Amino acid sequence: MSSRVAEANHSEKEESLRLAIAVSLLRSKIQNHQSSSSTSRCDVSSESDALRWKQKAKERKKEIIKLQEDLKDAESAFHRDLFPANASCKCYFFDNLGVFSGRRIGEASESRFNDVLRRRFLRLARRRSRRKSTRSSQRLQSSEPEYEEEAEHLRISIDFLLELSEADSNASNFSNWSHQAVDFILASLKKLISMGRNLESVEESISFMITHLITKMCTPSKGNEVKQLETSVGFYVQHLIRKLGSEPYIGQRAIFAISQRISILAENLLFMDPFDESFSEMDECMFLLIQLIEFLICDYLLPWAENAAFENVVFEEWIASVVNARKAVTALEERNGLYLLYMDRVTGELAKRVGQVTSFREVEPAILEKILAYQEIE
């Protein structure tokens, strides 16, 4: 009996133990399931966050690309505003280089200013002027602020143009900025003339500029000079003077200075050894000078006559100087008859145009008679 009771108790203990083990296993499975479910939810949440950030990154990249495109469009528009299609620029400023033009060169550039172009040019020119000031003693003075400001603009523009034409100037800078300097000089000079003030100081600056450019035109290029523009530097400087000459105040004084240089050059060539190294350079200079006078006379003499600021006194001076230059070249006929041939063409063109304008009849009769004597020569 007692043994049966003991077996029964032992069986109950085993059953309880099994039940406890089963409950423990069940609890362990439930906990593991809950843990795996939580982990799975975290993984899903992490993947969702990653996808969301990737989408945001793609959207941001699209925005950046669109902004870059907008910036390019804005820069393109700004460039068109800064250098508008109708502004004189390097694309066509040097068109007709050394070639006769069928139009009046100066007219097209008169309306080519816009405020952006003027401000940018002045900013650069003033910065250059502060860095390297030339002829500071010739600073123009006036009690009128407007006149003084415009005279300062003219001085800065002249200094800037002359610096560009120097031997150490960068070729790209020369082609990019020379047209702006020329246009700015012409605009400032017209304003100063319209003010009706004494232009003695202005005349000094203009004469200095003309002399410097003529000297540069006749100076052979060496090393890293403007000759990098694939044409002799003389032709580019000649074209600058030709453009500047659209204003009679500059053009008339340029013809006078050029004719004086021709007379001096003819005398030097007369006594120079043709085998001298500098002879060919002087020969090229002579043709550039004669050609430049012809350009200025053919392009501008008739328009000058219609200008209220045309100076008859200066006109008489340069006509007499051109006639004297033609006489000086006559002495070189045996050496090179082309000089005289070209000068005869110049005086012939001059005589024809003088004969077409009634106002030129007021010129001193002796000078008028001299020039009209060449009317049949061409």
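F295 lies in helix α9; helices (H or I, at least four residues) and strands (E, at least two) are DSSP runs, numbered from the N terminus. At 0% relative accessibility, F295 counts as buried. Here buried means under 20% relative accessible area, exposed means over 50%, and partly exposed is in between (1.4 Å probe, protein chains only). F295 and H239 are separated by 56 residues in sequence, while their C-alpha atoms are 9.5 Å apart in space.

A word on the source: this is a predicted model, in which local features need pLDDT of at least 70 and side-chain atom pairs count only at pLDDT 80 or more, while totals for chains, interfaces and linings use all residues. Residues are numbered from 1 along each chain as its sequence is written, and side-chain values use heavy atoms, with hydrogens and water left out.

## The overall fold

The chain has 12 helices and 0 strands. Following the sequence, the pattern reads α-α-α-α-α-α-α-α-α-α-α-α. Of the 378 residues in the chain, 41% are buried.

Contact means heavy atoms within 4.5 Å. Taking contacts in the chain between residues at least 6 apart in sequence, 79% join residues at least 24 apart.

## Helix α6 and its two partners

How do α6 and α7 pack? Helix α6 (residues 200-217) and helix α7 (residues 233-244) meet at an angle of about 155 degrees, and their axes are 8 Å apart. Axes are lines fitted to C-alpha atoms, for helices over the stretch in contact, and angles run from 0 to 180 degrees between N-to-C directions. The two helices, α6 and α7, are therefore roughly antiparallel to each other; angles under 35 degrees count as roughly parallel, over 145 as roughly antiparallel, 65 to 115 as roughly perpendicular and the rest as oblique. The crossing of α6 and α7 is left-handed, which applies if the near helix is turned anticlockwise from the far one by less than a right angle, with right-handed used if clockwise. On the α6 side the contact is made by M209, L213, I214, K216 and M217, and on the α7 side by V233, G234, V237, Q238, I241 and L244. Sorted by class, the contact of α6 with α7 has 8 nonpolar, 2 polar and 1 charged residues. In this scheme Ala, Val, Leu, Ile, Met, Phe, Trp, Tyr, Cys and Pro count as nonpolar, Asp, Glu, Lys and Arg as charged, and the others, Gly among them, as polar.

Helix α8 (residues 248-270) also meets α6: the axes come within 10 Å and cross at roughly 45 degrees. That makes α6 oblique to α8, and the crossing of α6 and α8 is right-handed. From α6 the contact uses E203, I206, M209, I210, T211, I214 and T215, and from α8 it uses Y249, I250, R253, A254, A257, I258 and R261. The contact of α6 with α8 comes to 9 nonpolar, 2 polar and 3 charged residues.

## Helices α10 and α12

Further along, helix α10 (residues 312-330) and helix α12 (residues 365-372) have axes that come within 10 Å and cross at roughly 45 degrees. α10 and α12 are therefore oblique to each other, and α10 passes α12 in a left-handed crossing.

In α10, E316, I319, A320 and V323 meet I367, K370 and I371 in α12. The contact of α10 with α12 divides into 5 nonpolar, no polar and 2 charged residues.

## Salt bridges

The structure holds 11 salt bridges, each a side-chain nitrogen of Lys or Arg within 4 Å of a carboxyl oxygen of Asp or Glu. In one of them, R242 pairs with D299, the closest N and O atoms being 2.9 Å apart. R242 lies in helix α7 and D299 in helix α9 (residues 279-305), so the pair ties together parts that are 57 residues apart in sequence. Both R242 and D299 are buried.

K191 forms a salt bridge with E150, with the closest N and O atoms 3.9 Å apart. Since K191 lies in helix α5 (residues 171-194) and E150 in helix α4 (residues 145-164), the pair ties together parts that are 41 residues apart in sequence. K191 counts as partly exposed at 38% relative accessibility, whereas E150 counts as buried at 8%.
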